[in-house]
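Please keep the sequence and the coordinates in view while reading.

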Amino acid sequence: MGDMTRVCLIEDDAIMGEALVERLTLEGFAVDWRRTGRAGLAALRETGVELAVIDVNLPDLSGIALFERLIASRVDLLPTLFITGYGTIEDAVRLLKLGAADYLTKPLDPGALIDKLRALAATSAPRRDVRQEVSEHERLGISPAMCRIEAELDRLARHPQTPVLISGESGVGKEVVARALHRRQCPQAPFVAVNCAALPETLIEAELFGHERGAFTGAERRRPGVFEQAGAGVLFLDEIGDMPLALQSRLLRVVQSRQLTRIGGVEPVEVGARLVCATHRDLAALVRAGHFREDLYYRVRVLEIAIPPLRERPEDILWLAERFLAEHGARFPDERRRLEAADRQWLLNQPWPGNVRELQHTLERACILGQGERLRLRSTDTALAETSLRQQTEAGERATILAALVEQDYRMTQTAARLGISRKTLWQKMKRYGLSRTEDAG
């Protein structure tokens, strides 16, 4: 193998540990065997180790707790394999979500372990700090939470066919995170985004799966759906919780079989795109209420990224604000503005219920209304009077929409009918007012 690959084995079972050390050494690996979680954690924090093999069940510190501590201490994680008993498969899945490379079940097949370690050794790049390599333009934020998400995306990009669910309140930047995953995984392939709440129910099926010529009135030619349009790239389905139940079963079949059939067609079409779904709603609650299929729920959230609201990561507020100002100034040079001390304090004091989207719109408006280098975050008395009237009107509309959403259990079609507006209009207003399932809590 040339220079020996250094492996840290964390295993408390003396017989298994000795057998693995002997086999790994014979295969050309240099093994550092640690018998407790704490001793293993100390070894992994040192330099020189290239791969890790960890038993999930350790006497002093579980494999999950060990891995979480490692994540908290640095972002340049080692490729890590876990050994788990049959009864702890759920733990193994959780570890994969945290960024583990893979897992093996007991009774352990040493040959399979060797194969996986060789594959990891062949493909692993030298360890690096993700935050140093991601360009400033591609950064998601500077808060610990967003740095962790950036590290997660690097790991998820190595599993290009596994579905991902991105959750978070309206306006937190779910599509931005999906696009960041796409850049890491397959930047040359298509990124196709569809909002399930914005499409009329009658069009969603044709939009997703495509149709053959003559499949229905007006279908004058074959049209590929978004799964086909995405090719080997990423298909981003936003507001997956608003997909009608009847279509959820079709989506499940596509996710399971990696094939689809166009409307009016009979021949299966291979699906190569990675499915990334997003929602601001509580999918588990929708499952309990019978509005979302439980089997689809488990399929789309194999890997999950939860984006915290902006109010829980205040470190990002001013960083994002400076970025938005720079982007606006680049597009409109005569509207270059800068943040003064009072502006910074004002931004930090806001609750930002609409999250990053609200912050961006606020700064865009302040740039347009500003003069010279000064922003106009706070209006004159006259403008304030006009704003107050508008805010009262908007507050009334928001309250009406929220009441209808709660009454109809957030079912988009029924709520839109109750309000006398289209699903698309309802979705746009929910997006504008930052409405989500959590708004009626408390």
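Thr5 counts as buried because its relative accessibility is 10%, where buried means under 20% relative accessible area, exposed over 50% and partly exposed in between, with a 1.4 Å probe and protein chains only. The model is a predicted one, in which local features need pLDDT of at least 70 and side-chain atom pairs count only at pLDDT 80 or more, whereas totals for chains, interfaces and linings use all residues. Residues are numbered from 1 along each chain as its sequence is written, and side-chain values use heavy atoms, with hydrogens and water left out.

Thr5 is placed in the segment before β1 (6-10); helices (H or I, at least four residues) and strands (E, at least two) are DSSP runs numbered from the N terminus. Leaving aside residues up to four places away in sequence, Thr5 touches Gly28, Phe29, Ala30, Glu50, Leu51 and Ala121, contact meaning heavy atoms within 4.5 Å. Ile421, in the loop between α18 (412-419) and α19, counts as partly exposed because its relative accessibility is 27%.

An open sheet is formed by 5 strands in the order β7-β8-β11-β6-β12, with parallel pairing; two strands pair if DSSP finds at least two bridges between them. Its edge strands, β7 and β12 (303-306), each pair on one side only. From one strand to the next, the twist averages 20°. Within this sheet, β6 (residues 164-167) and β11 (residues 274-279) run parallel and are joined by 4 bridges; Ser167 has Thr279 in β11 as its bridge partner. Helix α7 (residues 144-156) lies across β6, β11 and β12, at about 160° to β12, where axes are lines fitted to C-alpha atoms, for helices over the stretch in contact, and angles run from 0 to 180 degrees between N-to-C directions.

The second largest pocket is lined by 40 residues, of which Gly173, Lys174, Glu175, Val176 and Gln360 lie nearest its centre. A pocket is here an open set of points on a 1 Å grid over the protein atoms alone, where a 1.4 Å probe fits, with protein on both sides within 12 Å along at least five of seven lines; lining residues have an atom within 4 Å of a point. Helix α8 gives the most to this lining, with 6 residues, and among the other elements that supply at least two are β7 (191-195) and β8 (234-238).
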